Amino acid sequence: MEQAIYGNEKQIKRKIFIRLAIVYALIIFFAIFIIIPFYWMLITAMKTLTQVESAPPILWLNPAEWQWVNFSGALEQAPFLRFTLNTVVVAIIATIGTVITTILSAFAFARLNFKGRDLLFMAFIATMMIPGEIFVITNYITVSRIGWVSLDQSYFEAILAMTVPFMTSIFFIFFLRQAFKTIPNELYYAAKVDGKTDWQYLWRVMVPIAIPTITTITILNAMNTWNAYIWPQLVTMQEDYRLVSNGLRNAFDDTAGRIMYHEQMAASIIVTVPLIIAFLLLKKYIMRGVSRSGIKG
Amino acid sequence: MEIKLKNLTKVFQSKKEEETVAVDNLDIVIPSGQLTGLLGPSGCGKSTTLYMISGLLRPTQGEIYFGDENVTPVPPEERGIGLVFQNYALYPHMTVRQNIMFPLENVKMDKQESLEKAQEIADLVGIGHLMNRKPKQLSGGQQQRVAIARALVKSPRVLLLDEPLSNLDARLRLQTREEIKRIQRDTGITTIFVTHDQEEAMSISDEIVVLREGVTQQVGRPQEVYNNPGNLFVAKFLGTPPINIFDGEVKDGRLMIGDADIAKKDIDDREVTIGIRPEGFKMVERSKFKAEVDLVETIGRDTTLIIKHPNDETQTFRAIVDADYGVEPGDTVKFNVKPHKMHIFDKETGEVL
Amino acid sequence: MLEDQSNVKAWFYLLPALILLGIFIFFPIFNAFFLVFVDEYNYMQGTYEGFTLINNFRYVVTDHNFRVAMTNTMLLTFVSVPVSVIIALLISVWLNAIKRLQGFFQTIFFLPYVTNAIAIGMAFAFMFHVRFGLINWFLGIFGISPINWVNTGASWGTAIFALLVYVTWLGLAFKIMVFLSGLQGIDKQYYDAARVDSASRSRVFRRITVPLLSPMIMYITVTSFIGAFKAYTEVIGMFGERLGPPGNDRAVITVVALVYRSLDRSGVPGALSEAAAASLILFGVTLVFTMVNMQVSKKRVHY
Amino acid sequence: MKKLFAMFLSLVSIFVLSACLGGTGGAEVVVDIPDEFPEEEIEIILWHAFGQDNQDLLQEMFDDFEDMYPNVTIRQLGQGGYDDLRSSTVQGTVSGNTPTLVLGYPDHFVEYLQGNALVPLDEYIDHPNHGVDIDMYVPGFLEENQQYVDGNQYSMPFAKSTEMVVYNKTVFDYYGVEFSMDEFITWDDLIALEEEYGLIGDGDYQAPHLFNVDSESNFFINTSSQFGAPYTNAEGEILIDNQDTRDMLDFIKTQIDNDILAIPIEWEENYGSIPFKAGDVLMSQGSTAGTRHNVPDNEGGRFGVFEMGIMPVVQYDEDNPSAIQQGPNIAMMADTTDNERLAAWYLIKHITNPENTAFFAMNTGYVPVRVDAFEDPDYQEFLQIAHTPDEDLTTQEQARKPFSMAANVAYAQVDYYSFEPPFVGRVTSSNARAEVGFMMEAIYAGTRSVEDALQYALRELGQ
């Protein structure tokens, strides 16, 4: 009897082990699938131009052979320091604006009762379905008419032109509304009983509770700025006002238009790494933010 | 189906490598076809025990037998148990019918047959008319019954209930506990339930197991345990209002509280703890055991006297007497103690003497 | 929802967003509506030759690229969205089932989220390279001779397949993120209950996990559909401006690529109207599918 | 809600009424040239699509100009690629934010002319005080800038280049074949060479392909010109649906099938420099501006680091030679004051004067735009490098030798530069250009037959 039980125990343990092994195997398989393009980016950034162009391709490089010089080469191709500074400024301002307008309207949609709310919300959602490219031209004319884009544009005007049009986002309003909706009504009644106004309630109760979602919005928005290319190119009238992506795209054309893949990849890495670091540091917040906004319909 | 727990032990290991012994060497037999309550304060290991019986937790040591079969290594899905969770764990996206039929789907029962079976069980627990509702549309008591129906529908060998009444309001609780009793009796399934509420356990169990910090204190029929608590903990835990505790001593074969001689006791002289049930006092004309009444509560046929402790003005004890006695606060009353309502425990160990 | 809110107050909260949206989103949309109904619009002079109801739509629809673009867009949407939702769901369930290295793998799976679609697209094109690509190397292990996926002379079929793989890859991260956080929010007792009830793993997944995650699945599906209809950057990333394998240019063109092409020649009379027309057609299609989606969700999604 | 909606509507209508998106252009450009160079403070803004290296060269010329005219400041701004530049300029025209000067191709300029956004330069060229001797400009470059429909000249040549053929001198030396920098060979010559020596193959002194062309579009257009096959005209008609074009395509197809002709998609590249350096092709036809990329440096290649030669573009008909010319021209935007225009005109003259155009050419691989620049002593010296044996050259001169060879070849082709007319419509000249390139690719890759590819292109071009 004792023996039999022991055997059974062993069988179960093996069953659990095999199941877990399969799960890990599947995860690892997909993880490799995910990681390969990144690896390729990294290894390309470490090659010499000749190695980049060699056939068959070099799949592995001894770290001793890594061409760190590509990174300094990339940095020389454009005033990246200046561009990074601009990007940070634009990201911060645009994000602050976005967060404020998003909080206010998400609150209105999630908590206030007003005529036409659902209709307006549907209209908001519908605009997400129109390709944003079609907005660019009109918006360019608009910011020019406002006076932010002119040949004697100041830095301040350039920043306004790059930020104001992006200080609101329907996607984020949608996102935050979901998070706000999960906050129980009772809290609102309690605040009312305590004599709090809607305004106080929003900033003292709802916003603190929704901080994970707001953090998520902040990061996503900053990322958009990081990848923005067409708009900054169009509305800046001086090289000094531009953003990192402009540097990336402009800097690596040689005279005859050849692309310097290794330096371009190095530059891609340079601009992506801050994002990845920010992402890793704030991963927990993002996860929480996402779960808050998604789980309730 | 008789259930035997042999030296059952569960040790939880925290992340910091700290070990907590939740269940310690439990060795009990749960009789077949009866309703057994696992009783104890929170953290006593009763839920852990239940989950080990269900198979969801694996014991660190010891064995579990269903009848003669050692089920210790058997995974929960093969044990043939029904489990009702404390918060019912009803699938929110399924209707009552779908919830009840879910276990049958898993054993690939014929659709028509399982529909009939589900209806039958639902009728048994009295929710046959709610089959198309979603759990959210049901009251707590109804949800509770759905959970029971779901546990019963596959005719389990054992039915396990985890704090089945704790989420219900007082009135529903009374109603539901009768219902559980009835269902258990009608089905005759060996049923184990877990509760921290002694009244609940006493009222419906055929047998109770009192647990404390993972260790069995006493096993038996509720009234038996109530009448003959094995130790101070059991005495204190069972009964509302709770038993009154006095410091006392045995002197020359007499049991004394202060200088009042309560009863004759044939044990060696020593300090003891005396427990007297509130209903164990008998008002008499003459007795050395006397004290001043502080408050009087009359509820229906009974009167509860809250009486100042004879030796300690700051403490009170309760006595339940017939409402016929006209006692006012401030009166001094004299008692005798009914011998079978009085329990004497070792001052140190708390064991009954 | 709360009673008796004054309308004025609500609009006050909406005002900042409304002003910005009005100027930078709604106004351009109005403009698009204007553009789509004028003939031969000369952008630089602001002049046009009268109004027309259908001319601009006709230009777009009769362009034989439109049919190809529509097919590709639909295919991308209706394959990549369901496939990536399913894979993301599986990966999240697996990730949720492990303890060791969970954080590490999470990070890996989230990585595509913080990246540049164009840079990674180039890396992907390389993975599918006929001679140096990892895919063919891998197939070679099983004795399959190299397939020309995206290289010179590759067919539409292989090109769109490669593109689908990339688009699916790119869409996984956000979905995994949402699903994983959703899974972590599901009460463990449902799984205990299902276990006691002898439900098999696949049944638990189908009958419990999926329904309980359904609000998130729906949210992801709706937003992914909207996003996938607008696919363009991915094509540029993988195939560059020629929008197809060399020698098979524009094979994987999408509707937004058409919009882009017209916008790119905004100085040419009528081009902006074509862009507007293509955008509005896409909008119409997206709207219809979103409506269908939401209708389905009302029946299927448990909230 | 109603109120707000009304407010919103009125807001929208304000925007719509203020001419919707509308550009303000439209008025004819009036040219009024001041007699004297202005003395007021003037800022000249130049938009281009150059990278950092060329920007630095431009800056040197600008600094000189600013020294000469201290009241003028010059600001240059790279706008990314040429498509970005065009798009920025169109947008700028509509919003009134145009630069003073803009680089670009006639394709771009005709688009700007839709908004009357360019200043015709004829009166400046002919002006008694400020004029320029237009005959000193290379005719082939100049004519490209004189072919606008209204007969005006809207641009001046600036950074021009032409095509050339780089070849693997090591291999041809082995066979004892010599090419000249001054005289072209024909396709017949090339085919004969291959037949005689068997240049194509996998053996020693053989390559898988003989001849590469970097730009399929250029090749199609230029070969059409060599064949006398019509391509497009200034009215925007697409003329490729004819027998001559078909004959040409058949000829090209034959060369492709025989591995004589390749295009970069053969190697998944944008340019032939990489396969050329790797020894996968023995000759490669491309822009003179791309010279530096063809300098052999691939030790792992089929022939190692071989010797490179440069010769003129291969011709079909020796009586009708044609070599395409390309590279951006410079135009003056109309949204400027008379004084700004005059200053800008002076700047155009400055950067295209013999010294500067020679200076720019020697440092980039572009070609001087003026004939007299070729007489510039520095440039003459530079041209001589190509004819001097290596051992007589300094290291620095050796490094410049490829550029010198390219310059010699460009010079040899001066008499037969070709170009195609720009036009705007549902189909633009850029569309046509791109389309024939795609047609060549499809034929090369074999995804379409010659006739199918032609029909496909015609359909794409709205025919």
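Mentor: Before we start, one term: a salt bridge is a side-chain nitrogen of Lys or Arg within 4 Å of a carboxyl oxygen of Asp or Glu. Also keep in mind that this is a predicted model.

Trainee: OK. How many salt bridges are there between domain 1 and domain 2 of chain D?

Mentor: The count there is 0.

Trainee: Switching to whole chains. Which two share the most contacts?

Mentor: Chains A and C do, out of 5 pairs of chains in contact. Chain B and chain D, on the other hand, have no contact joining them, and their closest C-alpha atoms are 36 Å apart.

Trainee: Let's look at A and C, then. How many residues does each bring to the contact?

Mentor: Chain C brings 86 residues and chain A brings 87. The area buried between chain C and chain A comes to about 8,500 Å², with 80% from carbon and sulfur atoms.

Trainee: Why quote an area at all?

Mentor: The accessible area lost when the parts come together is often used to give the size of an interface.

Trainee: Fine. What salt bridges cross between chain C and chain A?

Mentor: The rule finds 1 across that interface. C:Lys9 pairs with A:Asp198, and the closest N and O atoms of this salt bridge are 3.0 Å apart. As for polar contacts, 7 residue pairs with both members at pLDDT 80 or more turn up between chain C and chain A.

Trainee: Which helix gives the largest share of chain C's side?

Mentor: Several helices each supply at least two residues of the side of chain C that touches chain A, including helix H1 (7-36), helix H3 (64-97) and helix H12 (271-300). The largest share, 21 residues, comes from H1(C). Overall, the side of chain C that touches chain A divides into 65 nonpolar, 16 polar and 5 charged residues.

Trainee: Now chain B. How is it split into domains?

Mentor: The domain assignment gives domain 1 (3-237) and domain 2 (244-346) for chain B. Their centres, taken over C-alpha atoms, are separated by 39 Å. Each of the two domains of chain B gives 7 residues to the contact between them.

Trainee: What area do they bury?

Mentor: About 640 Å² between domain 1 and domain 2 of chain B, 59% of it on carbon and sulfur atoms. B:Tyr226, B:Leu232 and B:Ala235 supply 66% of what domain 1 of chain B buries against domain 2, more than any other three residues.

Trainee: And how many salt bridges there, in chain B?

Mentor: Across the interface of domain 1 and domain 2 of chain B the rule finds 0 salt bridges, alongside 3 residue pairs in polar contact, both residues at pLDDT 80 or more. Helix H7 (222-227) and helix H8 (232-237) of chain B each supply at least two residues to domain 1's side. H8(B) gives the most to that side, with 3 residues.

Trainee: Last one. Which way do strands S1 and S4 of chain B run, parallel or antiparallel?

Mentor: Antiparallel, with 5 bridges joining S1 (residues 3-13) to S4 (residues 61-66) in chain B. One bridge pairs B:Ile3 with B:Phe66 in S4(B). S1(B) is also joined to S2 (residues 19-30) of chain B by 8 bridges, again antiparallel, and there B:Leu8 has B:Leu26 as its bridge partner.

Notes
Residues numbered from 1 in each chain as written. Chains lettered and ligands numbered in written order. Predicted model: local features only at pLDDT ≥ 70, side-chain atom pairs only at ≥ 80, totals over all residues. Heavy atoms only, no water. Pairing = 2+ DSSP bridges. Helix = DSSP H or I, 4+ residues; strand = E, 2+ residues; numbered from the N terminus. Contact = heavy atoms within 4.5 Å. Buried area = accessible area lost by both parts, 1.4 Å probe. Polar contact = N/O pair within 3.5 Å; in protein donor to acceptor, adjacent residues only side chain to side chain. Nonpolar A, V, L, I, M, F, W, Y, C, P; charged D, E, K, R; others polar. Domains from an automatic or database assignment.
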